[in-house]
Amino acid sequence: MNEYVKEVAQQRMERTAQALRKNQMEAYCVDCAADVLPLLKTLIAPGACVSMGGSVSLQECGVPAFLRTGDYEFLDREAVTGDAVGELYRKAFFADYYLSSANAVTEQGEIFNVDGNGNRVAALAFGPQNVILVVGCNKIVEDLHEAHRRLRHLAAPANTKRLNRNTPCAKTGICADCRSPERICCTYTVQRFSKTPGRIKVILVAEPLGY
């Protein structure tokens with residue numbers, strides 16, 4: 001990233017971090033994806049039970065491999081199949097930490113997410129004692145209107161292609177608000193304020209991550 005563009009991105013991150021803190025969420029700003037794992041080591045207690053939602057951003061930061069080191073009780077969604085997947089999703093509600101990304105974070109400190117099964121957004125809203133979100137600077141938006149636009153024009157089409165879903169947006173590159181059985185945009189959440197101070201922790205990264 002060009003140094004001047006990165007400086008502007010960092011300024012936007014700082015504004016967003018301040019807004020998140022006003023909404024009783026913890027916020028951290030880091031320079032690059034390589035800074036994420038060292039920070040996670042300070043935030044997650046050794047031996048803790050940890051779960052995570054499906055996330056390209058976390059994959060790009062090496063988080064799944066980090067959680068498989070043996071230092072944590074990792075509820076690994078990639079290690080199970082069939083009915084065990086749903087069981088693991090439910091166990092996540094009792095985890096000490098739940099890791100994910102976000103579809104967008106507004107400059108007002110709002111966290112916007114859309115889910116297919118609903119397990120990810122449900123865990124973000126309630127259950128795990130701590131929620132940690134890793135969010136690239138490309139996902140910071142001005143307001144919820146821009147968050148919805150970002151979803152329709154980028155995040156949803158890209159994810160349906162990644163997941164090989166048979167939906168209109170996978171074919172056209174833009175949301176059609178479909179009724180497809182394979183639709184992935186089913187449950188929408190906006191977290192404007194953390195009832196429990198500090199339960200939600202957001203790591204803002206001065207690099208693009210995920211979709």
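How much space lies in the second largest pocket? In this predicted model, the second largest pocket holds about 170 Å³.

## The second largest pocket

The lining of the second largest pocket is made up of Leu124, Ala125, Phe126, Gly127, Gln191, Arg192, Phe193, Ser194, Lys195, Thr196, Arg199 and Ile200. Sorted by class, this lining has five nonpolar, four polar and three charged residues.

## The largest pocket

The volume of the largest pocket is about 820 Å³. It is lined by 41 residues, and those closest to its centre are Gly54, Arg77, Asp115, Arg162 and Leu163. Two or more lining residues come from each of helix 3 (56-60), helix 5 (83-91), strand 6 (111-115), helix 6 (119-125) and helix 7 (144-162). Helix 7 gives the largest share, five residues.

By class, the lining of the largest pocket has 16 nonpolar, 14 polar and 11 charged residues.

An open sheet is formed by four strands, in the order 8-5-6-9, with mixed pairing. Strand 8 (140-141) and strand 9 (187-191) are at the edges and each has a single partner strand, so one side of each has no neighbour in the sheet.

Strand 6 pairs with strand 9 in the antiparallel sense, over five bridges. Asp115 is opposite Thr187 of strand 9; Asp115 is also one of the residues closest to the centre of the largest pocket.

## Helix 7 and the sheet

Helix 7 lies across strand 5 (104-106), strand 6, strand 8 and strand 9. The helix runs at about 30° to strand 6. Both helix 7 and strand 6 give two or more residues to the lining of the largest pocket.

Conventions:
Residues numbered from 1 in each chain as written. Predicted model: local features only at pLDDT ≥ 70, side-chain atom pairs only at ≥ 80, totals over all residues. Heavy atoms only, no water. 1 Å grid on protein atoms, 1.4 Å probe; cavity = no way out; pocket = protein on both sides within 12 Å on 5 of 7 lines; lining within 4 Å. Points joined across faces, edges and corners; volume = space filled by probe spheres on them. Nonpolar A, V, L, I, M, F, W, Y, C, P; charged D, E, K, R; others polar. Pairing = 2+ DSSP bridges. Contact = heavy atoms within 4.5 Å. Axes fitted to C-alpha atoms, helices over the stretch in contact; angles between N-to-C directions.
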